[in-house]
Amino acid sequence: MEQRISLVTLGVADLARARAFYERLGWRGQEVEETVFVQAGPMALVLWGRDKLAADAGVDDPGGDGFGGITLAQNVRSRAEVDAVLATAAAAGAEVTRPARETFYGGYAGCFADPDGHVWEIAWNPGFPLAADGALTVPDFGAAG
């Protein structure tokens, strides 16, 4: 298997509400057959009905919020950008679950949950440089393996 992720699909309770939320963040998508596709750098974010996603994956969905032990993350270029993104998310209807603060790794980060409970971390990490196009480069930690 190639070391790459092509799509991240979020199961949502209300597709129109989810699309409107992400559009308030400035993201633009295309809806095709009750599915919204958003180009997100070299990959795509997909919004799809939670029940349809569970059925398609062949799993039972007990419902509840969108936290399933996974967080999405967006690294940004500065502390000020962390604050700005969290403010934009809150204004769009997100719940800020962890206000921005200094991190153990020398960065600055905070988290928000979208209307379906999917958690996003917004982080500035000086050890993970971003290219002009926003691509993240994992540094060489010098670890064996």
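Glu23 is partly exposed, at a relative accessible area of 30%; here buried means under 20% relative accessible area, exposed over 50%, and partly exposed anything in between (1.4 Å probe, protein chains only). The structure is a predicted model: local features need pLDDT of at least 70, side-chain atom pairs count only at pLDDT 80 or more, and totals for chains, interfaces and linings use all residues. Residues are numbered from 1 along each chain as its sequence is written, and side-chain values use heavy atoms, with hydrogens and water left out.

Glu23 has a salt bridge with Arg19, and their closest N and O atoms are 3.0 Å apart. A salt bridge here is a side-chain nitrogen of Lys or Arg within 4 Å of a carboxyl oxygen of Asp or Glu. The two residues sit four apart in helix α1, so about one helical turn separates them. Arg19 is partly exposed too, at 22% relative accessibility.

## The overall fold

Zooming out, the protein chain has three helices and eight strands. Helices (H or I, at least four residues) and strands (E, at least two) are DSSP runs, numbered from the N terminus. Reading from the N terminus, the order is β-α-β-β-β-α-β-α-β-β-β. The radius of gyration is 16 Å, close to the 15 Å the globule rule gives for 145 residues, so the chain is as compact as a globular protein of that length. That radius is taken over C-alpha atoms, and the rule is 2.2 Å times the number of residues to the power 0.38. Along its principal axes, the C-alpha trace spans about 40 × 40 × 30 Å.

Of the 145 residues, 32% count as buried. The accessible surface comes to about 9000 Å², and 55% of this belongs to carbon and sulfur atoms; areas come from the Shrake-Rupley method with a 1.4 Å probe, and for residues only the protein chains shown count as cover. Looking at contacts (heavy atoms within 4.5 Å) between residues at least 6 apart in sequence, 50% join residues at least 24 apart.

## The nonpolar core

The largest nonpolar core holds 24 residues, and Tyr22, Leu47 and Phe112 have the most contacts inside it. Such a core is a set of buried Ala, Val, Leu, Ile, Met, Phe, Trp, Tyr and Cys residues joined through side-chain atoms within 4.5 Å. At least two residues each come from β1 (7–12), α1 (15–24), β3 (35–40), β4 (43–49), α3 (79–92), β7 (108–113) and β8. The top contributor is α3, with five residues.

What does Tyr22 touch, setting aside residues up to four places away in sequence? The list is Leu10, Trp27, Leu45, Leu47, Asp114 and Trp120.

Ala94 is in the loop between α3 and β6 (95–102), and at 11% relative accessibility it counts as buried. Leaving out neighbours within four places in sequence, Ala94 is in contact with Phe21, Ala89, Phe112 and Ala113. Ala94 and Leu25 are 69 residues apart in sequence, and their C-alpha atoms are 9.9 Å apart in space.

Side chains of opposite charge can pair when their charged atoms come close. The count for this model is seven salt bridges. One of them joins Asp116 and Arg17, with the closest N and O atoms 2.9 Å apart. Asp116 is in the loop between β7 and β8 and Arg17 is in helix α1, so the pair ties together parts 99 residues apart in sequence. Asp116 counts as buried at 10% relative accessibility, whereas Arg17 is partly exposed at 34%.

Another salt bridge brings together the side chains of Lys52 and Glu34, at 2.1 Å, N to O. This pair links distant parts of the chain, with Lys52 in helix α2 (residues 50–57) and Glu34 in the loop between β2 (29–32) and β3, 18 residues apart. Lys52 is partly exposed at 33% relative accessible area, and Glu34 is partly exposed at 46%.

## A nonpolar patch outside

Leu136, Val138 and Phe141 form a nonpolar patch on the surface, with about 310 Å² of accessible area together. Patches are made of residues with over 30% relative accessible area and no salt bridge; like charges are joined within 9 Å, and nonpolar side chains (Val, Leu, Ile, Met, Phe, Trp, Tyr) within 5 Å. Val138 lies in the segment after β8 (119–124) and is exposed, at a relative accessible area of 53%.
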